[in-house]
Amino acid sequence: MTTIIKNGTVVTADLTYKADVKIEGGRIVEIGPDLRGEEVLDASGAYVMPGGIDPHVHLEMPFMGTYSADDFDSGTRAALSGGTTMVVDFCLPEPGQSLLDALKRWDNKATRAHCDYSFHMAITWWGEQVFDEMKAVVRNHGINTFKHFMAYKGALMVNDDEMFASFSRCAELGALPLVHAENGDIVAAMQQKLMDAGNDGPEAHAYSRPASVEGEATNRAIIIADTAGVPLYVVHTSCEQAHEAIRRARQSGMRVYGEPLIQHLTLDESEYAHPDWDHSARRVMSPPFRDKRHQDSLWAGLAAGSLQVVATDHCAFTTDQKRTGRGDFRKIPNGTGGLEDRLPMLWTHGVETGRITMNEFVAVTSTNIAKILNIYPKKGAILVGADADIVVLDPKASKTISAATQQSAIDYNVFEGKHVTGLPRFTLSRGNVAYANGEIRMKPGDGKFVSRPPFPAVSKALSAWKEITAPRKVERSGIPASGV
Ligand code: URP
Ligand code: ZN
Ligand code: ZN
Ligand code: ZN
């Protein structure tokens, strides 16, 4: 069957033009005027864009004694209903567990996905087995990214020596390291101090993780990556200090990428001062929401190109799960939702306000990350030959965000009551209409794993430069005898 998206305006990361888009066999086969086909989707008054790619989600994540409530079923329904056609989750081996065994668990969970997906592999411990298995992960399992948590001491956190070893291994394999950048030692000490002083509410979560702690860790990760000769991707960049470290690194020629979340761009730390404990606990995530001035820095970074991607870190816990932390903020499961709201919130607060252009919107929600993850132009593009993962976005359609109408399985929404314009009219997943008129049309299992090859060009360039600039012994004609 051929499908035509008719009468729309194609918007990509670098072009805006009127054209129809023809789809066959799951791919885009023609772009141009007056195309004909069996199924016609009316895009009059709408923008035809690459479907969103969310590179940072945690579906059914085992974390802090529980599992995040949205799994690959409800999580990918939320994605499609919000115009996102691909998600990347994090495979988390337990300490001592084989990376390949952990991957089997994640493969199994993802069999219920409605949209395409991929995995990052987390390095949660270090040893010869991890070193060896990283090669198999890259070469045999289509995963080219390795995540490192610098926070969550005593759980997921790895130390500098382990990061340096892993980053060096990434350099050899042509893989990209990712970091959650917060100084976990300082956070743990501050948490204890706050608890000792009787500061046990959700606001103390934010007090224990100030922006400086994120800035320090971001800078440290950058230095470690530069020394290992590997690019770096910093997840959930939430503050000016972290952004500053990324800007500085990029100005000195390092390939460092930063990923603000839609939550940090639009919500601030006043959420933790709310008189209702549940309200504040539902917004506990790491890094925490910041003072508004940090939002200006993040928006500026997206416009200037020093920050490249807007993600969600979708990790949704119910109110009941959050209540595990009553009396001890350290036990509140960290994480918030956002998958369904990322595109409409960014359109409303970014494009509608003039902070970013439509083309920058496409770049930061889809195209940039497709390039960073090495899946461009299969994903992230409106080009002949690309997968027909498309969102037809109606800039006039609007709604008020409400938990009552969301796909996510949790009982609240951190954006509750926000009025947004710019909603998907259709979301297409490999050419199939996956979402239309409030209805999900894909089944669990329709989503497919997206294999991501390593980055031979970047690692070749970095290793060539590393070889040229390597420390060399100075050859001398003779060594003076001692004491003469
Ligand atoms: O609070 C958060 N961000 N929870 C999910 C795990 C992580 O740190 O990304
Ligand atoms: Zn596999
Ligand atoms: Zn994180
Ligand atoms: Zn995360």
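Predicted model: local features only at pLDDT ≥ 70, side-chain atom pairs only at ≥ 80, totals over all residues.
Colleague: Why is Lys-147 called buried?

Modeller: A residue counts as buried if 20 or more other C-beta atoms lie within 10 Å of its own. Lys-147 has 24 other C-beta atoms within 10 Å, and is therefore buried. Its place is in strand E13 (residues 145-149).

Colleague: Which residues is Lys-147 in contact with, leaving aside its neighbours within four places in sequence?

Modeller: Phe-90, His-120, Ala-122, Ile-123 and Leu-178. Contact requires C-beta atoms within 7 Å.

Colleague: What does UniProt list for Lys-147?

Modeller: The unreviewed UniProt entry lists "modified residue: N6-carboxylysine" for Lys-147. Such annotations may be inferred rather than shown by experiment.

Colleague: What makes E1 and E6 a pair?

Modeller: Two strands pair if DSSP finds at least two bridges between them. Strand E1 (residues 2-6) and E6 have 4 bridges, in the parallel sense, so they meet the cut-off of at least two. Ile-4 stands opposite Val-40 in E6.

Colleague: Why are E5 and E6 called edge strands?

Modeller: The open sheet runs in the order E5-E4-E1-E6, with mixed pairing. Strand E5 (27-32) and strand E6 (39-42) each pair on one side only. From one strand to the next, the twist averages 20 degrees.

Colleague: How many residues are in the largest nonpolar core?

Modeller: The largest nonpolar core has 136 residues, and Cys-115 is one of those with the most contacts inside it. Leaving aside neighbours within four places in sequence, Cys-115 is in contact with residues including Leu-80, Met-86, Val-87 and Met-442. Another core, of 6 residues, lies apart, with Phe-329 and Ile-332 among them.

Definitions and conventions: Residues numbered from 1 in each chain as written. Chains lettered and ligands numbered in written order. Helix = DSSP H or I, 4+ residues; strand = E, 2+ residues; numbered from the N terminus. Axes fitted to C-alpha atoms, helices over the stretch in contact; angles between N-to-C directions. Core = buried A, V, L, I, M, F, W, Y, C linked by C-beta atoms within 7 Å. Buried ≥ 20, exposed ≤ 12 C-beta atoms within 10 Å, placed from the backbone. Contact = placed C-beta atoms within 7 Å.
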